[in-house]
Amino acid sequence: MMWRYYGIRFLGNRLALAGAIALLFIGLAAWTAPLLTRHNPNEQRLTERLQSPSANHLLGTDDLGRDVFSRMLYGGRVSLRVGLLAVAISVTLGTLVGLVAGYWGGVTDAVLMRLVDIVLCFPTIFLILMVIAFLEPSLWNVMAVIGFTSWPGLARLVRGETLSLRERDFVLAARGLGLSAPRILFVHLLPHLVAPILVSATLGVGGAILTESALSFLGLGVQPPLASWGNILTSGKDYLHVAWWLSIFPGVAILVTVLALNLLGEGLRDVFDPRENQ
Amino acid sequence: MSLLTIENLRVEYRRGGKRIPAVRNVSFSLAPGESLGIAGESGSGKSTVALSLLRLLPESATVTADTLCFEGQEILSLAPGPLRALRGGPVGIVFQDPFSALNPVLTVGEQVEEVLELHGEGRSRARVLSLFGQVRLPDPAGVYGAYPHQLSGGQRQRACLAIAMAGRPKLLIADEPTTALDVTVQRDILNLLDDVRRELKMALLLVTHNVGLLSERTDRLAILYAGEMVEIGPTATVLGTPSHPYTQGLLKSLPRLSHTERRLPALPGQPPDPRDIPVGCPFRPRCPSAFAPCATEDPVLRPMKNPSVHAACHLYGVTP
């Protein structure tokens with residue numbers, strides 16, 4: 001159907017394409033980490049600590065003598081997973097709330113949208129800090145907390161789209177044919193929402209990776225020895241004046257990934273925008 | 001026994017705290033296999049009547065009736081489950097605009113199969129193709145995998161009809177099924193409706209603003225004016241010897257090949273604003289034969305000399 005047309009438009013959008021290729025490259029590197037490095041990311045060699053980049057240690061070693069290149073690859077797995085799963089949670093929740101609020105309207109809509117307002121009122125980072133302080137800062141908790149605090153924006157977006165979709169005749173026709181509400185929501189309405197959800201999810205992954213980095217910087221993110229780009233960056237800050245490579249490379253990795261995600265997200269937005277017709 | 005019985009149907013829309021009556025005093029019944037045309041100008045409430053039968057009106061509408069009964073089931077008090085079973089099953093519906101009544105992101109075949117699955121027969125490509133054959137869609141296999149935008153208006157309306165027929169309805173409601181189509185296609189679709197109705201022995205409720213299209217195609221004809229049913233009877237009788245002054249005026253204003261006048265006679269004035277329906281007969285301000293009782297009392301439907309015709313007019317005797 002439309003996907004072929006979107007595919008052609010996507011290939012014609014250079015920024016989106018660049019973002020997608022960069023992400024493919026980063027994802028592939030993280031996925032094939034064991035093939036790309038022979039160093040164990042957690043193996044400490046105190047005799048080789050704080051070495052600058054060399055043929056053996058491509059990106060040098062950290063304060064415990066661990067290979068930074070290897071930690072970057074394995075840390076990439078963690079950071080990307082945090083981003084993807086957090087967004088999976090937030091997309092599921094946001095889409096569900098938005099669809100239900102928009103389709104039923106009335107009291108349901110009012111209650112759900114006030115809930116959205118409440119969640120949006122909380123300064124997210126403090127909410128996350130509080131929750132992490134009560135639970136413990138593990139990979140899963142970080143993911144869940146980011147996911148459960150980032151859905152309201154998408155919920156509003158989906159609700160708005162649903163509000164206008166439900167007035168379309170095919171929804172009346174579907175009701176006239178005896179279709180149940182869940183079927184109308186998920187089979188008839190959801191496909192119309194794929195484009196905005198995809199754009200929002202792409203941008204959301206970048207946001208989640210940044211949030212995880214910020215949490216790690218405060219020591220509340222993914223906990224060492226498990227590597228994430230955020231905590232590699234953090235552990236490097238004490239050695240910034242003697243070992244710049246410890247902070248620069250994870251910083252660049254985060255920057256490039258988030259930039260690529262944003263380019264892809266903005267690009268997808270243009271691809272799906274019917275008014276953008278060159 | 002009649003298939004559908006409606007007595008004293010009344011629909012009101014709530015708007016800004018006010019209740020605006022859109023349909024009043026509508027009563028009729030439909031026998032199995034019978035076809036009834038409902039005609040009226042825009043705003044006369046004909047679509048509202050059609051949609052209220054399946055409770056498809058928006059939440060701002062309040063529907064009341066002494067009886068709204070399909071095969072012994074009171075539709076207005078039906079629980080959501082049985083109501084869904086009725087919709088698309090025993091009662092099929094075809095909408096006005098086939099361009100927007102099909103979901104643009106699903107294939108046409110999928111949209112028919114979905115109804116088959118829902119109303120008991122299960123998904124079956126063969127059955128979908130046979131339905132497409134029944135509505136005389138050329139290239140059924142091609143239409144099966146097509147998206148709505150790949151079909152023409154007439155093809156889409158045929159597909160909509162196939163969807164409505166998937167549940168083997170006993171009653172088919174067609175809400176202005178040809179208004180959005182080209183004039184040449186309109187006739188095809190109406191003939192098709194008539195043919196499948198006879199083949200499947202369905203009752204048909206055909207709503208339209210085009211009285212000309214109804215002649216010869218429906219057994220009976222009902223005329224709506226300002227939300228009230230003013231006349232109902234056998235189509236040929238209503239069109240040949242109309243009883244109600246509104247029907248008479250309406251038919252005079254239709255262009256005819258045999259007429260040579262340059263200017264068609266028009267009814268003076270406008271239909272009343274539904275927010276401000278006059279006391280008495282709603283047609284009184286425009287009626288050439290209005291007299292005293294018309295200003296005070298709203299006439300009800302009563303049998304005429306030919307008892308198969310009912311009209312709501314004081315000319316034929318004041319309400320006892």
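Where is the place of B:Leu78 in chain B? Select it: B:Leu78 sits in the loop between strand S6 (73-74) and helix H2 (80-86) of chain B. Bear in mind from the start that this is a predicted model.

**Stop 1: around B:Leu78**

Count the neighbours. B:Leu78 has 16 C-beta neighbours inside 10 Å, so it counts as partly exposed. Leaving out residues up to four places away in sequence, B:Leu78 touches B:Gln73, B:Leu83 and B:Leu86. B:Arg55 and B:Leu78 are 23 residues apart along the chain, and their C-alpha atoms are separated by 9.8 Å.

**Stop 2: B:Leu264**

Go to the loop between helix H11 (245-252) and strand S12 (302-303) of chain B, where B:Leu264 is found. Is B:Leu264 buried or exposed? B:Leu264 is exposed, because 11 other C-beta atoms lie within 10 Å and the cut-off for exposed is 12 or fewer. Show its contacts: with residues up to four places away in sequence set aside, B:Leu264 touches B:Ser253 and B:Pro255. Draw a C-alpha to C-alpha distance to B:Leu57. B:Leu264 and B:Leu57 are 36 Å apart in space and 207 residues apart in sequence.

**Stop 3: a hairpin in chain B**

Select residues 4-15 and 18-30 of chain B, which are strands S1 and S2. S1(B) and S2(B) run antiparallel and are joined by 9 bridges. Pick B:Thr5; its bridge partner in S2(B) is B:Ser29. Then move to the turn. The hairpin formed by S1(B) and S2(B) has 2 residues between the strands. B:Gly16, in that turn, has a positive phi of about 55°.

**Stop 4**

Most residues other than glycine have a negative phi. Two residues in chain B are worth a look here.

Select B:Asp139, in the loop between helix H5 (125-134) and helix H6 (140-144) of chain B. Phi of B:Asp139 is near 55°, a positive value in a residue other than glycine. B:Asp139 counts as exposed, because it has 10 C-beta neighbours inside 10 Å.

Next, select B:Glu176. What is the phi of B:Glu176? It is positive, about 45°, although B:Glu176 is not a glycine. B:Glu176 lies in the loop between strand S8 (171-175) and helix H8 (183-200) of chain B. With 20 other C-beta atoms within 10 Å, B:Glu176 is buried.

**Stop 5: a helix pair in chain B**

Show helix H4 (residues 108-118) and helix H7 (residues 153-165) of chain B. Their axes are 8 Å apart and they pack at an angle of about 20°. That angle is under 35 degrees, so H4(B) is roughly parallel to H7(B). The crossing of H4(B) past H7(B) is right-handed.

Turn on side chains at the contact. From H4(B) come B:Val108, B:Gln111, B:Val112 and B:Val115, which meet B:Ala159, B:Ala162 and B:Ile163 in H7(B). The contact divides into 6 nonpolar residues, 1 polar and no charged.

**Stop 6: chain A as a whole**

Switch to chain A. How many helices and strands does chain A have? It has 12 helices and 0 strands. Along the principal axes, the C-alpha atoms of chain A fill a box of roughly 75 × 45 × 25 Å. Of the 278 residues in chain A, 41% are buried. Among contacts in chain A with a separation of 6 or more, 70% join residues 24 or more positions apart.

**Stop 7: a helix pair in chain A**

Select helix H4 (residues 68-104) of chain A together with H10(A). Their axes lie 7 Å apart, at an angle of about 145°. This crossing is right-handed. Residues of H4(A) that meet H10(A) include A:Val82, A:Ala86 and A:Leu99. On the H10(A) side, A:Leu185, A:Ala201 and A:Glu212 are among those in the contact. The contact holds 15 nonpolar, 5 polar and 1 charged residues.

**Stop 8: where the chains meet**

Finish with both chains shown. In the interface, 15 residues of chain A are in contact with 20 residues of chain B. On the chain A side, helix H9 (169-176) and helix H10 (181-217) each supply at least two residues. The largest share, 6 residues, comes from H9(A). Colour the chain A side by type: 7 residues are nonpolar, 5 polar and 3 charged.

Key:
Residues numbered from 1 in each chain as written. Chains lettered and ligands numbered in written order. Predicted model: local features only at pLDDT ≥ 70, side-chain atom pairs only at ≥ 80, totals over all residues. Contact = placed C-beta atoms within 7 Å. Helix = DSSP H or I, 4+ residues; strand = E, 2+ residues; numbered from the N terminus. Nonpolar A, V, L, I, M, F, W, Y, C, P; charged D, E, K, R; others polar. Pairing = 2+ DSSP bridges. Axes fitted to C-alpha atoms, helices over the stretch in contact; angles between N-to-C directions. Parallel < 35°, antiparallel > 145°, perpendicular 65-115°, else oblique. Left-handed = near helix turned anticlockwise from the far one by under 90°.
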